[in-house]
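Subject: Structure handover

Hello,

Here is the structure we talked about handing over. Please open it alongside this email; my notes follow below.

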Amino acid sequence: DNVLTSAELARLRVAWADDPHRVFWEFLLETGARVGEARVVLVSDVDLDAGVWHMRRRLTRTSAGMVSRDGAKTRSGMRDVRLTDELVTLLRSHVQAMEDRRRFEPQYNAGGALFPGPKAGFIRRWEIDATLTALCETAKVPRITPHGLRHTSATEAMAAGINPKVVAERIGHRDIATTLRRYVHPDVSQHEEAVKVLGKRLKLG
């Protein structure tokens, strides 16, 4: 999966600022959630007062199609992910807007999804993929998948100096090695910054 640089990510976020699914994109980016986890989050899974998302369910492919099931892909996938104040504010407005709509449409989002789709279901995968592709074109950045946003999330977190163990736990990995091997992609600017830091450290005199 592609990983965006910080500059490319900034352009993409500008592009999705007015998109109806903006809160979903910001949730994916900040939490590093798997798309199958994010699609089935319920409003009740998110404690906005505490600023925590309780990851308790995921989409699973069966002979009958994709269904939501309790549990995670791995034991470490069951996790509590803390949210920034900025995302909590977005989510509060998002949830309030859904509650306001339900006053006029009682059947709207009867399943209590945080990111609802049609007929009381969850947001549709094809819609996610098509919209994200269009947003990448608008932002003039390389096409990225929802899983690419997960990679980008982990890379940005590491670049910000967050402890690798914390990053691994936030995205539901059992060990740091998996996170470092699969999800962290330093770009050229990070290598250049590393050289500067090393040069200052080793400078003589």
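S153 counts as buried, because its relative accessibility is 9% and the cut-off for buried is under 20%. Please keep in mind that this is a predicted model. S153 sits in helix 6, which covers residues 146-159. What does S153 touch, once its neighbours within four places in sequence are set aside? The contacts are L29, E30, T31 and G32.

Next, the salt bridges. The structure has ten of them. In general, side chains with opposite charges can pair when their charged atoms come close. Here are some of the pairs.

**E26 and R13**

These two side chains form a salt bridge, with N to O at 2.9 Å. Are the two partners buried or exposed? E26 is buried, at 9% relative accessibility. R13 is partly exposed, at 38%.

**E127 and R124**

This is another salt bridge, and its closest N and O atoms are 3.2 Å apart. E127 has a relative accessibility of 19%. That value counts as buried because the cut-off is under 20%. R124 is partly exposed, with a relative accessible area of 32%.

**K165 and E169**

How far apart are the closest N and O atoms of K165 and E169? They are 3.8 Å apart, and the pair forms a salt bridge. A salt bridge here requires a distance within 4 Å, so this pair counts. Both residues lie in helix 7 (residues 164-171). They are four residues apart, about one turn of the helix. K165 is partly exposed, at 36% relative accessibility. E169 is partly exposed too, with a relative accessible area of 45%.

**A network**

Which residues are linked in a network of salt bridges? They are R34, E37 and R79.

E26 and R13 meet at 2.9 Å, E127 and R124 at 3.2 Å, and K165 and E169 at 3.8 Å.

Best wishes

Technical notes
Residues numbered from 1 in each chain as written. Predicted model: local features only at pLDDT ≥ 70, side-chain atom pairs only at ≥ 80, totals over all residues. Heavy atoms only, no water. Helix = DSSP H or I, 4+ residues; strand = E, 2+ residues; numbered from the N terminus. Buried < 20%, exposed > 50% of the residue type's maximum accessible area, 1.4 Å probe, protein only. Contact = heavy atoms within 4.5 Å.
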